[in-house]
Amino acid sequence: MPITWPLDSADSNLNRCRQNSLPVSQSRTIQEECYEANLQLPKFGLVDLTFGNVSVVDRASGVFGIKPSGVDYLKLKPEDVVLIDLEGKQVSGTLRPSSDTPTHRRLFQAFSGIRSVVHTHSRNAVSFAQARKPIPCLGTTHADYFYGEVPVTRPMTGAEIQSAYEWETGNVIVERFGNLDPEQVCAVLVSGHGPFAWGPSGAKAVENAHALEIVAEMAWKALQLNPTVKPISQALLDKHFLRKHGPGAYYGQ
Ligand SMILES: [Zn+2]
């Protein structure tokens, strides 16, 4: 039985939420935030067909919402957003969650400071992922969002691909961030696959995925014009990233 919308008139759904210790108001918030963030993907031109998904976690209840698998963005409704707990159990919704759900769950587990994960097959970022090259920081547009190059994972092994593929995709990302701060570099390229980005809200994570696509296109063109171009200086990187992020930030309102 699908969750009705709004939740407050449906006793059976209220009970289902109580059984899972998830406050109804939070459930609504996660589903709405996740729904709105998913709708931003086609608006920003970040998805072809249905290749893309956004998830949003509520840390207090340990539950995240994610786009259902294979549902057209134009037909998506807030109540279609599937709720999953951080152990992987589906706690509400009748639709199947995105097949990438285990990757999102792995990132929520490993990166405790993030609230939303975005996966797309946006074309310029995918081009770097397929070339198995990181996106170097060639300018201040990049430095405003990412503190250094956007890394690429190692290729996955046959055993990883044949076992719990989506979970292992999360593991190779976590492995790549062994000496990186996911709050300073809020995106990654999965080798031979595509980008994942994240952030403190659904809207911000989608903005980061959008920025990633823009800087991937800029870097690709800059490398065509000058194949030996070097990344910008540490001083310029520091100036642009740190004026927008961290304790000394002063950019914006
Ligand atoms: Zn994918």
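How many nonpolar, polar and charged residues are in the lining of the largest cavity? By class, six are nonpolar, three are polar and none are charged. Bear in mind that this is a predicted model, where local features need pLDDT of at least 70, side-chain atom pairs count only at pLDDT 80 or more, and totals for chains, interfaces and linings use all residues. Residues are numbered from 1 along each chain as its sequence is written, and side-chain values use heavy atoms, leaving out hydrogens and water.

**The cavity**
- On a 1 Å grid over the protein atoms alone, a cavity is a set of points where a 1.4 Å probe fits but cannot get out, and lining residues have an atom within 4 Å of a point.
- The largest cavity holds about 30 Å³ of space.
- Its lining includes Val118, His119, Phe196, Ala209 and Leu212.
- β5 (116-120), β7 and α8 each give two or more residues to that lining.

**The largest pocket**
- A pocket is an open set of points with protein on both sides within 12 Å along at least five of seven lines.
- About 310 Å³ of space lies in the largest pocket, and Glu183, Gln184, Pro200, Phe241 and His245 are the closest to its centre among 16 lining residues.
- Here β7 (194-199), α8 and α9 (234-242) are the elements giving two or more lining residues.

**Helix α8**
- Helix α8 runs over residues 202-225 and reaches 35 Å from its first C-alpha to its last, close to the 34 Å expected at 1.5 Å a residue.
- Its buried residues (under 20% relative accessible area, 1.4 Å probe, protein chains only) include Ala209 and Leu212.

Definitions and conventions:
Helices (H or I, at least four residues) and strands (E, at least two) are DSSP runs, numbered from the N terminus. The expected span of a helix is 1.5 Å times one less than its number of residues. Buried means under 20% relative accessible area, exposed over 50%, partly exposed in between (1.4 Å probe, protein chains only). Grid points are joined across faces, edges and corners, and a volume is the space filled by probe spheres set on the points. Ala, Val, Leu, Ile, Met, Phe, Trp, Tyr, Cys and Pro count as nonpolar, Asp, Glu, Lys and Arg as charged, and the others, Gly among them, as polar.
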